[in-house]
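Reader: I would like a close look at one part of this model, namely the salt bridges and the loop that takes part in them. Please give the cut-offs behind each term as you go.

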Amino acid sequence: VQLQAFGGGLVQTGGSLRLSCVASGSIYSITDMGWYRQAPGKERELVASISSGGITNYADSVKGRFTISRDNAKNTVHLEMGSLKPEDTAVYYCNCRGIHPYNAVEYPFWGQGTQVTVSS
């Protein structure tokens, strides 16, 4: 699975950004899709995920501010980020899980990171 992420950039505190990620070129059946982030000196952490059935999961730190959505027909996931804070500054990584059609094993896939910087 190839994951191509779009969006990110520099925004002021309180601003908004939208991240998008497209999964392509795969025989795998995509299950969960989501976003992780990694700030300098910190471990990568889950920001939000969404199942193929639309069940969402958010980190406590972004609940009420971020919204994840997906288009299953296009294998695309979006992350709407609002009321951004400097502590949201990180490299954001798109992630998905895919089930191989022959062995039914689920594998994780990662996209390239995209930088989100929130200035104070």
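Author: The answer below begins with the chain as a whole and then turns to the salt bridges and the loop.

This is a predicted model, in which local features need pLDDT of at least 70 and side-chain atom pairs count only at pLDDT 80 or more, whereas totals for chains, interfaces and linings use all residues. Residues are numbered from 1 along each chain as its sequence is written, and side-chain values use heavy atoms, with hydrogens and water left out.

The chain has ten strands and zero helices, where strands (E, at least two residues) and helices (H or I, at least four) are DSSP runs numbered from the N terminus. The radius of gyration, taken over C-alpha atoms, is 14 Å, close to the 14 Å that the globule rule (2.2 Å times the number of residues to the power 0.38) gives for 120 residues, so the chain is as compact as a globular protein of that length. Along the principal axes, the C-alpha atoms fill a box of roughly 50 × 25 × 20 Å. Of the 120 residues, 42% are buried, a word that stands for under 20% relative accessible area, with exposed meaning over 50% and partly exposed in between (1.4 Å probe, protein chains only).

Six salt bridges are present in the structure, each being a side-chain nitrogen of Lys or Arg within 4 Å of a carboxyl oxygen of Asp or Glu. One of them pairs Arg37 with Asp88, whose closest N and O atoms are 3.0 Å apart. This pair links distant parts of the chain, for Arg37 belongs to strand E4 (residues 29-38) while Asp88 sits in the loop between strand E8 (76-81) and strand E9 (90-99), 51 residues apart. Both partners, Arg37 and Asp88, are buried.

Asp88 also forms a salt bridge with Arg65, the closest N and O atoms here being 2.7 Å apart. Because Arg65 lies in the loop between strand E6 (56-58) and strand E7 (66-71), and Asp88 in the loop between E8 and E9, this pair ties together parts that are 23 residues apart in sequence. Arg65, like Asp88, is buried. Together with Glu45, the residues Arg37, Arg65 and Asp88 are linked in a network of salt bridges.

Another salt bridge joins Arg97 and Glu106, with 3.0 Å between the closest N and O atoms. Here Arg97 is partly exposed, at a relative accessible area of 29%, and Glu106 is partly exposed as well, at 34%.

The loop between E8 and E9 also holds Thr89, which is partly exposed with a relative accessible area of 22%. Its side chain reaches the backbone nitrogen of Val118 at 2.9 Å, and a polar atom of that Thr89 side chain lies 2.9 Å from the backbone oxygen of Pro86. If neighbours within four places in sequence are left aside, Thr89 is in contact with Ala39, Gln115, Val116, Thr117 and Val118. By comparison, Asn57 is 32 residues from Thr89 along the chain, and the C-alpha atoms of the two are separated by 20 Å.

Terms used. Contact = heavy atoms within 4.5 Å. Polar contact = N/O pair within 3.5 Å; in protein donor to acceptor, adjacent residues only side chain to side chain.
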